[in-house]
Amino acid sequence: MHPNTSVRFFDEQFQRQVAAAEFALNPFESAALQYLTGEVLDYGCGLGNLAVEAARRGCSVTALDASHTAIEHIEAVARKARLRISATEADLREHRIDKDYDAIVCIGLLMFFDCPTAYRRLADMQAHVRPGGVAAVNVLTEGSTFTDMLAPEGHCLFKTDGLIERFAGWQVLYSKIETFPAPHDTRKVFATAIARKPSEWPH
Ligand SMILES: C[S@@+](CC[C@H](N)C(=O)[O-])C[C@H]1O[C@@H](n2cnc3c(N)ncnc32)[C@H](O)[C@@H]1O
């Protein structure tokens, strides 16, 4: 059993999804897909629906997540379809990215970290996007009242404009705030930013 509440929540959800063969891209993954080329890092990849689709389109994908069920599933799909995906089980709270990528995707992960950790991980991702490359990031924001999946040991709701403000100096390709209804008359508010790092970027 994983010690983290959020990872347990998703691991159980992924077991149900694998059993039911439910592998549709979510709206944030669909928005990001068209911007992915070359070497891609999917940070908090979940079941890997985006990683698999990007690999089918010719990307070479590194997929990281703490869910054992998700990583096992991605490895099986990649092996069977001979896709260029390297999937690894990792707790990303203290993780350091060790190389640069053409695109880094992080959808629905950072809300599960305390805010200082979330901001550090975001800065690390931004630092490892190659000049001219793309970051696609999605977070939960203030105004969200659905908390079932959030770990009591730490979570982060970004300020409404907090994500896009962290992309100052980048070329914004896509920026959206979206509200979705959630169980027990609650709601989830998400911010998504897809941005290109300028090709002249100081190291
Ligand atoms: C909302 S899901 C998003 C998954 C995928 N990016 C997507 O868009 O479907 C959140 C993911 O974060 C992962 N996660 C939560 N805490 C984590 C941690 N500390 N380290 C690594 N992954 C974590 C969960 O296992 C889950 O796959």
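Trainee: In this predicted model, at what angle do H1 and H4 pack?

Mentor: Two packed helices are described by the angle between their axes and the distance between those axes. For H1 and H4 in this predicted model, the axes lie 8 Å apart, and the packing angle is about 35°.

Trainee: Which residues of H4 make the contact with H1?

Mentor: The residues of this contact divide into three nonpolar, four polar and one charged. From H1 come Asp11, Phe14, Gln15 and Val18, and they meet, on the side of H4, His68, Thr69, Ala70 and His73.

Trainee: How far apart are the end C-alpha atoms of H1, and what span should its residues give?

Mentor: Helix H1 runs over residues 5-20, and because each of its 16 residues is taken at 1.5 Å, the helix should span 22 Å. The expected span agrees with the distance between the end C-alpha atoms, which is 23 Å.

Trainee: Within what arc do the buried residues of H1 fall, seen down its axis?

Mentor: The buried residues of H1 are Ser6, Val7, Phe10, Asp11, Phe14 and Gln17. An α-helix has 3.6 residues a turn, so residues three or four places apart point the same way. The buried residues of H1 line one face of the helix, because they fall within an arc of 125°.

Trainee: Which exposed residues does the face of H1 turned away from its buried side carry?

Mentor: On the buried side, what covers the residues of H1 includes helix H4 (68-81). The face turned away from that side carries the exposed residues Arg16 and Ala19.

Terms used:
Residues are numbered from 1 along each chain as its sequence is written. This is a predicted model: local features need pLDDT of at least 70, side-chain atom pairs count only at pLDDT 80 or more; totals for chains, interfaces and linings use all residues. Side-chain values use heavy atoms; hydrogens and water are left out. Helices (H or I, at least four residues) and strands (E, at least two) are DSSP runs, numbered from the N terminus. The expected span of a helix is 1.5 Å times one less than its number of residues. Buried means under 20% relative accessible area, exposed over 50%, partly exposed in between (1.4 Å probe, protein chains only). The arc is that of the directions from the helix axis to the C-beta atoms. Contact means heavy atoms within 4.5 Å. Axes are lines fitted to C-alpha atoms, for helices over the stretch in contact, and angles run from 0 to 180 degrees between N-to-C directions. Ala, Val, Leu, Ile, Met, Phe, Trp, Tyr, Cys and Pro count as nonpolar, Asp, Glu, Lys and Arg as charged, and the others, Gly among them, as polar.
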